[in-house]
Amino acid sequence: MRIVLMGPPGAGKGTQAKMLVERFGLEHLSSGDIFRAEKASGSELGQRLSGIMARGELVPDDIVVEMMAKAIAAVSGGLLLDGFPRTLAQAKALDETLGQAGLPLDGVVIITADDDAIVERITGRRSCESTGRIYHVKYMPPKVEGVDDETGEPLVQREDDKEDVIRQRLDTYKKQTEPVIAYYRDGGTAAVVEVDGMRSPDEVAESMARALTTWQS
Ligand code: AMP
């Protein structure tokens with residue numbers, strides 16, 4: 001199965017992706033994670049990505065498409081794309097990559113959430129850099145404030161999780177990524193389902209699992 005997971009920043013894509021990966025045996029490819037790893041490597045490209053991400057802007061399509069095509073080519077089984085595609089050009093490039101391999105998309109899941117809830121969710125988000133575990137200061141606090149439950153390492157706030165950057169990212173989502181949803185709805189062969197991300201993570205997971213189970217059969 002090849003699935004695209006979409007939704008504004010803070011809609012819960014990361015949390016839900018983990019659930020889908022475990023339940024359906026998919027490989028999770030998050031473009032944001034791939035770019036953060038490049039940034040952490042300290043490469044020249046990583047330094048360029050770092051500035052773009054800190055401002056809440058999108059990484060240029062040619063870079064995204066090349067890096068994601070490479071990552072996709074390394075996956076042999078089911079695939080869950082998270083955070084990619086985010087522009088029409090990326091969506092078309094993805095169709096081409098998968099089409100050439102004879103492995104088209106099966107479905108697109110869109111998680112929706114309203115802007116104010118997103119800002120509250122994201123500004124409270126903290127994560128552990130080495131394990132990738134994500135917490136929320138109010139909704140999913142660690143056992144001991146400020147440190148990871150297992151490793152005890154300090155939790156950090158992503159630079160692009162500050163409020164002004166989030167507002168910028170929401171604006172970018174509306175302008176550049178919402179047209180991708182219309183593209184899949186109007187022209188694509190993949191099934192499209194929208195789930196309400198304002199419910200509890202378990203309820204959201206249940207709705208998503210129902211859709212994927214249908215696509216699987
Ligand atoms: P995310 O973790 O998905 O919220 O991504 C973090 C940041 O990485 C975004 O704000 C963008 O700057 C960049 N990014 C991630 N995925 C893409 C993409 N598909 N196209 C362009 N930029 C992206």
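**Exercise 1. The loop at Pro85**

Locate Pro85 relative to the secondary-structure elements, and state the geometry of the peptide bond from Phe84 to Pro85.

Solution. Step 1: Pro85 is placed in the loop between E3 and H5; helices (H or I, at least four residues) and strands (E, at least two) are DSSP runs numbered from the N terminus. The model is a predicted one, in which local features need pLDDT of at least 70 and side-chain atom pairs count only at pLDDT 80 or more, whereas totals for chains, interfaces and linings use all residues. Residues are numbered from 1 along each chain as its sequence is written, and side-chain values use heavy atoms, with hydrogens and water left out.

Step 1: The bond from Phe84 to Pro85 is cis, its omega being near 0°. For background, most peptide bonds are trans.

**Exercise 2. The two nonpolar cores**

Identify the largest nonpolar core and the residues with the most contacts inside it, then find a second, separate core.

Solution. Step 1: A nonpolar core is a set of buried Ala, Val, Leu, Ile, Met, Phe, Trp, Tyr and Cys residues joined through side-chain atoms within 4.5 Å. Buried means under 20% relative accessible area, exposed over 50%, and partly exposed in between, with a 1.4 Å probe and protein chains only.

Step 1: The largest such core has 29 residues, and Leu81, Leu94 and Tyr184 have the most contacts inside it. At least two of its residues come from each of E1 (2-6), H3 (44-54), H4 (61-73), E3 (79-82), H5 (88-100), E4 (107-112) and H7 (163-187). H4 provides the largest share, six residues.

Step 2: Tyr184 touches Val4, Met6, Pro85, Ala91, Leu94, Leu105, Val108 and Val192, residues up to four places away in sequence not being counted; contact here means heavy atoms within 4.5 Å.

Step 3: A second, separate core has 25 residues, among them Leu20, Met208, Ala211 and Trp215. Met208 sits in helix H8 (residues 201-216), and it counts as buried because its relative accessibility is 0%. Its contacts, with residues up to four places away again excluded, are Leu5, Gln16, Met19, Leu20, Val109, Ile111 and Val195.

**Exercise 3. The ligand site**

Describe the residues around the ligand, and list polar side-chain atoms facing its nitrogen and oxygen atoms.

Solution. Step 1: The ligand has 16 residues around it, and Ser31, Glu57, Gly83, Gln90 and Arg169 come nearest; a residue is near if one of its heavy atoms lies within 4 Å.

Step 1: Helix H2 (residues 31-41) gives the most to this shell, with four residues. By class, the shell comprises six nonpolar, four polar and six charged residues.

Step 2: An N or O atom in the side chain of Gln90 is 2.9 Å from a nitrogen atom of the ligand. Ligand oxygen atoms lie 3.4 Å from an N or O atom in the side chain of Arg158 and 2.8 Å from a polar side-chain atom of Arg169. The ligand taken alone exposes 480 Å², of which the protein buries 96%; accessible areas come from the Shrake-Rupley method with a 1.4 Å probe.

**Exercise 4. An exposed loop residue**

Determine whether Glu150 counts as buried or exposed.

Solution. Glu150 is placed in the loop between E6 and H7. Glu150 counts as exposed because its relative accessibility is 66%.

Definitions and conventions. A polar contact is a pair of N or O atoms within 3.5 Å; within protein, one must be able to donate a hydrogen and the other to accept it, and residues adjacent in sequence count only if both atoms are side-chain atoms. Ala, Val, Leu, Ile, Met, Phe, Trp, Tyr, Cys and Pro count as nonpolar, Asp, Glu, Lys and Arg as charged, and the others, Gly among them, as polar.
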